[in-house]
Amino acid sequence: MWTQSKVTRLWLRLAAIALAIVMAAAAPTSADEAGTIVFVCQHGVVNGQMAAAYFNRAAQERRLPFRAVSRGIDLYRSVPVRVQDGLALDGLEAANTPQQLSVNDITAARRVVAFDQIPAERRGGADVTYWSGIPLGIDDYEATRDQIVQRIDALIPTLAAAAQPAENKAPLELEAKILLGDVRGRIDHLAVDLKRQRLFVAELGNDSVGVVDLAAHSLLRTLTGLNEPQGVGYEPSTDTLYVANARDGSVRLFEANEYKATGRIELSSDADNIRIDAAAKRVIVGYGDGGLAVLDPATRAKVRSAPLKAHPESFQLEPDGGRIFVNLPDARAVVVVDGTSGKQLATWPLNKGGNFAMAIDRDRGRIVLAYRSPAELAVFSTDGKPIANAETCGDVDDVFIDGKRNRVYVSCGAGYVDVFEIDGSVYRRITRLPTATGARTSLFVPEMDRLLVAVRAGPAGPATIWVFKPMP
């Protein structure tokens with residue numbers, strides 16, 4: 001006997017099929033020409049099917065040459081009625097009949113996105129992006145759909161960039177967006193543990209540090225109970241994470257696997273930037289109204305300090321000469337400090353303000369800094385002689401050198417990343433990429449060839465790490 005609900009479901013599915021036929025006819029490329037995106041879940045019939053269906057609609061609307069399929073690790077043979085009805089209400093149907101995941105699926109895919117862990121023998125050597133923390137669609141379809149669509153919206157720009165001709169590609173390609181959980185307020189500095197491929201995020205406004213698994217593109221854990229963490233640094237010889245706290249001036253120490261607290265070093269106040277001198281096995285922290293503290297990782301104690309006439313912001317270690325170049329924005333100056341004795345060697349007076357960000361160009365022997373007032377990039381020799389100036393985006397907080405491509409990356413709270421090309425003594429901006437308002441903190445990791453930008457929670461969405469891949 002036909003009930004009203006059965007009739008309704010039938011009409012919904014017929015409408016979905018009709019819409020799918022129309023959209024397929026309007027698609028710009030055939031399935032054979034499209035890159036395949038494989039969504040993988042445990043049984044291949046719930047989250048994977050939902051993701052594939054919503055992705056295909058988004059790709060067709062944006063006229064992208066990609067199509068998605070769903071695969072299961074431990075296959076079920078039918079898509080649950082709850083999922084079929086949910087898709088039909090949105091004018092969709094299941095992306096494909098349920099199918100078992102194979103190694104061939106992964107090797108042929110343009111991108112593999114998994115909701116559940118794929119066994120090594122099925123994965124081969126391919127990279128897999130894991131979308132963890134999303135509920136099962138048969139339990140709360142609408143909540144699952146909303147989270148999946150949000151992540152699809154973050155994935156689409158990366159695929160769109162990949163679909164462009166090589167000559168039209170931007171110098172930075174958005175590869176992923178990694179959610180940081182319920183993190184509010186300002187985000188400060190970033191650091192990386194290369195051995196484990198983990199990113200540390202100083203969540204100053206949240207009194208926490210996020211630990212991100214960069215290989216899996218997912219949040220691993222959050223360290224809480226801190227006091228306005230500003231600086232973070234990973235010290236490899238003792239396998240220790242250092243966290244500098246502004247509110248109480250402490251530097252907290254955590255072992256870098258399970259992140260158990262292992263110590264605390266007290267500085268006077270406003271502990272800020274951290275630099276790891278791996279060669280000399282020391283940790284240097286800027287703090288207070290003016291000072292650099294030198295910490296011994298072996299004894300976990302401060303061994304000496306270098307007084308400064310104002311609070312230090314970004315500072316950089318000369319790789320061979322042993323000098324430290326320090327930004328003092330309140331004094332409108334850069335000072336040069338002997339890294340061994342702590343003695344001040346030179347002062348470079350500046351005629352502009354807000355010199356918070358600094359990088360050292362090791363290949364060219366140059367210091368690159370950025371002003372906030374006015375927003376400008378400035379380049380000096382290591383003896384303080386001006387070399388170049390260029391206008392840049394506003395509210396700069398970080399600047400990095402990409403020696404492989406002769407570029408400079410500048411991240412700005414105004415909501416942009418500026419990319420400069422280095423041509424001798426000329427610094428030419430080649431693109432300005434939009435990010436989000438307040439996203440001024442970043443980290444370029446040459447060993448991973450990635451630029452990581454911290455986006456705080458706001459109108460653009462939750463707190464997130466944007467992962468950019470330099471191109472080409």
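A charge sits over a ring if NZ of Lys or CZ of Arg is within 6 Å of the ring centre and within 35 degrees of the ring normal. Keep that handy for the first exercise. This is a predicted model, where local features need pLDDT of at least 70, side-chain atom pairs count only at pLDDT 80 or more, and totals for chains, interfaces and linings use all residues. Residues are numbered from 1 along each chain as its sequence is written, and side-chain values use heavy atoms, leaving out hydrogens and water.

**Exercise 1.** Find the ring that the charged end of Arg372 sits over.

*Solution.* Start at Arg372 and look for the ring below its charged end: that's Phe356, with the centre 3.9 Å away. Now try Arg275, which lies over the face of Phe315 at 5.2 Å from the ring centre.

**Exercise 2.** Work out how Phe325 and Trp348 are paired.

*Solution.* First, the rule: rings of Phe, Tyr and Trp (its six-membered ring) pair if their centres lie within 6.5 Å; planes under 30 degrees apart count as stacked, over 60 as edge-to-face and the rest as tilted. Next, the numbers: Phe325 and Trp348 are 5.9 Å centre to centre with 50° between the planes, so the pair is tilted. Then place them: Phe325 is in strand S19 (residues 323-328) and Trp348 in strand S21 (residues 344-349), so parts 23 residues apart in sequence get tied together. Strands here are DSSP runs of E, at least two residues, numbered from the N terminus.

**Exercise 3.** Decide whether Phe325 is buried or exposed.

*Solution.* Buried means under 20% relative accessible area, exposed over 50%, partly exposed in between (1.4 Å probe, protein chains only). Phe325 has 0% relative accessibility, so Phe325 counts as buried. Trp348, at 7%, is buried as well.

Notes: Helix = DSSP H or I, 4+ residues; strand = E, 2+ residues; numbered from the N terminus.
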